[in-house]
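This report goes through a few parts of one protein chain. Look at the sequence and the structure first, then read on.

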Amino acid sequence: MRRTLMQIAREGWPILVLVALVTFAVGHFWHWLAALPLVVVVLVLLAFFHDPRRRIPSEPLAVIAPVDGRVVHRRECYDPFLDREAIRVSLDASLLGAYLLRAPVEGTVLELPAAGEGVFDGTVSWLRTDEGDDIVIAASGWMFGGRPCQVRYGDRLGQGRICGARRLAGRVDIFLPAHSRVEVAVGDRVHAGSDKLATLVRKAPVDLPSMS
């Protein structure tokens, strides 16, 4: 999923090359006017597979937006994947935003329990930070069977680093620990890999009374 020439996602190049060749053939063997609709298709594909560089904030406890989009939901909820109380931040993914999806936190990709995977019409990834905070990314839409973080279970991901592709995901839900501090509002627009959604708050230790 790494970027290549012109900051276009690697999986987009075969499609772009095929459409470009068809466009050239139509213009060469018929007429250039007949090829104009295909030229528009090529331009749209360039925008769709484009993945600009992003400046990743150096905040270890920050939860970074995994996709470009608009915040459409943020509230406390029940997380059906990990059976816990959580905060859900939902993003309406931009169709022509950054094509590649980024890890919201630094951590390890874990495999969800089978019961959790079946409760959502989409694909899901579970990340656990070194401090034990669990983040779940659930994408709905046409992901073509791919998980948001398309790496092996047990692999580590860096905060804001490329881990997969949004493809045609329409909505991306991020389930955060219930004690997280959300720093976006409904209606805000965010950019993958650079804008902060929330901060993971460390729970203060409880001082037990002395028994002496």
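This is a predicted model: local features need pLDDT of at least 70, side-chain atom pairs count only at pLDDT 80 or more; totals for chains, interfaces and linings use all residues.

## Annotated spans

## Nonpolar cores

The largest nonpolar core is made up of 30 residues. Leu91, Leu127, Leu157 and Leu176 have the most contacts inside this core. At least two of its residues come from each of strand S3 (84–93), strand S7 (134–142), strand S10 (168–177) and strand S13 (196–199).

Another core, of 11 residues, lies apart from the largest one. Its members include Leu16, Val42, Leu45 and Tyr99.

## Leucine 176 and aspartate 134

Setting aside residues up to four places away in sequence, leucine 176 touches Val63, Arg84, Ala86, Ile87, Val89, Asp134, Ile135, Val182 and Ala198.

One of these contacts, aspartate 134, lies in strand S7. Is aspartate 134 buried or exposed? Aspartate 134 counts as buried because its relative accessibility is 13%, and the cut-off for buried is under 20%. Its side chain makes a polar contact of 2.7 Å with the side chain of arginine 128. With residues up to four places away in sequence again left out, aspartate 134 touches Leu82, Arg84, Trp126, Leu127, Arg128, Phe175, Leu176 and Pro177.

Note on methods:
Residues are numbered from 1 along each chain as its sequence is written. Side-chain values use heavy atoms; hydrogens and water are left out. A nonpolar core is a set of buried Ala, Val, Leu, Ile, Met, Phe, Trp, Tyr and Cys residues joined through side-chain atoms within 4.5 Å. Buried means under 20% relative accessible area, exposed over 50%, partly exposed in between (1.4 Å probe, protein chains only). Helices (H or I, at least four residues) and strands (E, at least two) are DSSP runs, numbered from the N terminus. Contact means heavy atoms within 4.5 Å. A polar contact is a pair of N or O atoms within 3.5 Å; within protein, one must be able to donate a hydrogen and the other to accept it, and residues adjacent in sequence count only if both atoms are side-chain atoms.
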